[in-house]
Amino acid sequence: MYSKPTPDNSFDKYDEMRLHMEQLLSASITDFDIPMRIAIPLDGAGVRRVRDLVRMTRDDIFKVNRLGEKAANEIESILERFGLSLGMDV
């Protein structure tokens, strides 16, 4: 007579953690106070949103013209403040 409800795992607009993460990932990299000496080469490589940036690895950053070890360290430090890291699967 009674049916057991099946859980709905779809996106919940009231899931604050997920909404917060979506806002972070959709933000422009310039909103994260990334220095222009890093943001300009990233923009030239097509990286404009935080979502694009966290998908990159350190090796991907080294492949971007004019970015090296210091830029990679600075990017990792900035992302870490927001609970993000390079190489994330988003």
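Is Asp33 buried or exposed? I looked this up first, and Asp33 counts as exposed at 63% relative accessibility. The cut-offs I use are under 20% relative accessible area for buried, over 50% for exposed and partly exposed in between, with a 1.4 Å probe and protein chains only.

**Ground rules**

I am working on a predicted model, in which local features need pLDDT of at least 70 and side-chain atom pairs count only at pLDDT 80 or more, while totals for chains, interfaces and linings use all residues. I number residues from 1 along each chain as its sequence is written, and side-chain values use heavy atoms, with hydrogens and water left out.

**Overall layout**

I find five helices and zero strands in the chain. Helices (H or I, at least four residues) and strands (E, at least two) are DSSP runs, numbered from the N terminus. Along the sequence I read the pattern α-α-α-α-α. Of the 90 residues of the chain, 29% count as buried. I then looked at contacts, meaning heavy atoms within 4.5 Å. Among contacts in the chain with a separation of 6 or more, 53% are between residues 24 or more positions apart.

**Core**

I took a nonpolar core to be a set of buried Ala, Val, Leu, Ile, Met, Phe, Trp, Tyr and Cys residues joined through side-chain atoms within 4.5 Å. The largest one has 24 residues, and those touching the most other members are Phe32, Ile34, Leu42, Val50, Leu53, Ile75 and Leu79. At least two residues of this core come from each of helix 1 (16–26), helix 2 (36–44), helix 3 (50–54) and helix 5 (69–81). Helix 5 gives the most, with five residues. I also listed the neighbours of Leu79: not counting residues up to four places away in sequence, Leu79 touches Val50, Leu53, Val54, Leu84, Ser85 and Leu86.

**Helix 5**

The 13 residues of helix 5 should span 18 Å, and the end C-alpha atoms are 19 Å apart, which agrees. Which residues of helix 5 are buried? I get Ala71, Ala72, Ile75, Ile78 and Leu79. They cover an arc of only 130 degrees around the axis, so they sit on the same side of helix 5. The arc is that of the directions from the helix axis to the C-beta atoms. An α-helix has 3.6 residues a turn, so residues three or four places apart point the same way. The buried residues of helix 5 pack against helix 2, helix 3 and helix 4. On the other side of helix 5, I find Lys70, Glu80 and Arg81 exposed. Gly83 follows helix 5 and has a positive phi, near 75 degrees.

**Aromatic pair**

I searched the whole structure for aromatic pairs and found one. The ring centres of Phe32 and Phe82 are 4.3 Å apart and the planes are at 45 degrees, so I log the pair as tilted. For this, rings of Phe, Tyr and Trp (its six-membered ring) pair if their centres lie within 6.5 Å; planes under 30 degrees apart count as stacked, over 60 as edge-to-face and the rest as tilted. Phe32 is in the loop between helix 1 and helix 2 and Phe82 is in the segment after helix 5, so the pair ties together parts that are 50 residues apart in sequence. Phe32 is buried, with a relative accessible area of 5%, whereas Phe82 is partly exposed at 37%.

**Loops and phi**

I went back to Asp33, which lies in the loop between helix 1 and helix 2. Asp33 has a positive phi of about 55 degrees although it is not a glycine. Arg66 also has a positive phi without being a glycine, at about 75 degrees. I place Arg66 in the loop between helix 4 (58–63) and helix 5, and it is exposed, with a relative accessible area of 63%. Most residues other than glycine have a negative phi.

Ser28 is in the loop between helix 1 and helix 2. Ser28 counts as buried at 18% relative accessibility. I found a polar contact between the side chains of Ser28 and Thr30 (2.9 Å). A polar contact is a pair of N or O atoms within 3.5 Å; within protein, one must be able to donate a hydrogen and the other to accept it, and residues adjacent in sequence count only if both atoms are side-chain atoms. Not counting residues up to four places away in sequence, Ser28 touches Arg48, Arg49 and Val50.

Technical notes:
The expected span of a helix is 1.5 Å times one less than its number of residues.
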